[in-house]
Amino acid sequence: MTTANETLAAAKQAKTESSDKLTAAEAAATKAAEDLTSAQTAYDQTAAVYQNKLNLLPRKVLWPQKREN
């Protein structure tokens, strides 16, 4: 049979391990959020480049007139 002190020590150890796991999970969530923000920024920059290229095209390339025979 375990003593009260042993039980208390085991509970404290479990609490510490739980706290460590929570800290690691929070760090992983923060990293994932940073990665997502970085990816969104890269996407937005790429979209802006292509939108700019699209805006530079002559109108006749974007909307060619139908030829009449």
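A salt bridge, as the term is used here, is a side-chain nitrogen of Lys or Arg within 4 Å of a carboxyl oxygen of Asp or Glu. Searching the whole structure by that criterion finds one.

Before the details, a word on the source. This is a predicted model, in which local features need pLDDT of at least 70 and side-chain atom pairs count only at pLDDT 80 or more, while totals for chains, interfaces and linings use all residues. Residues are numbered from 1 along each chain as its sequence is written, and side-chain values use heavy atoms, with hydrogens and water left out.

The protein chain contains two helices and zero strands; these are DSSP runs, H or I of at least four residues for helices and E of at least two for strands, numbered from the N terminus.

Which residues form the salt bridge? Lys31 pairs with Asp35, and their closest N and O atoms are 2.8 Å apart. The two residues are separated by about one helical turn, because they lie four residues apart in helix H1 (residues 4-56). Lys31 has 45% relative accessibility and is partly exposed; Asp35, at 40%, is likewise partly exposed. Here, buried means under 20% relative accessible area, exposed over 50%, and partly exposed in between, with a 1.4 Å probe and protein chains only.

Over the 69 residues of the protein chain, buried residues make up 0%. The chain exposes about 6800 Å², of which carbon and sulfur atoms supply 58%.

Finally, I turn to Tyr50. The charged end of Lys53 sits over the Tyr50 ring, 6.0 Å from its centre; the criterion is NZ of Lys or CZ of Arg within 6 Å of the ring centre and within 35 degrees of the ring normal.

Key: Areas by Shrake-Rupley, 256 points an atom, 1.4 Å probe, with all protein chains shown as cover.
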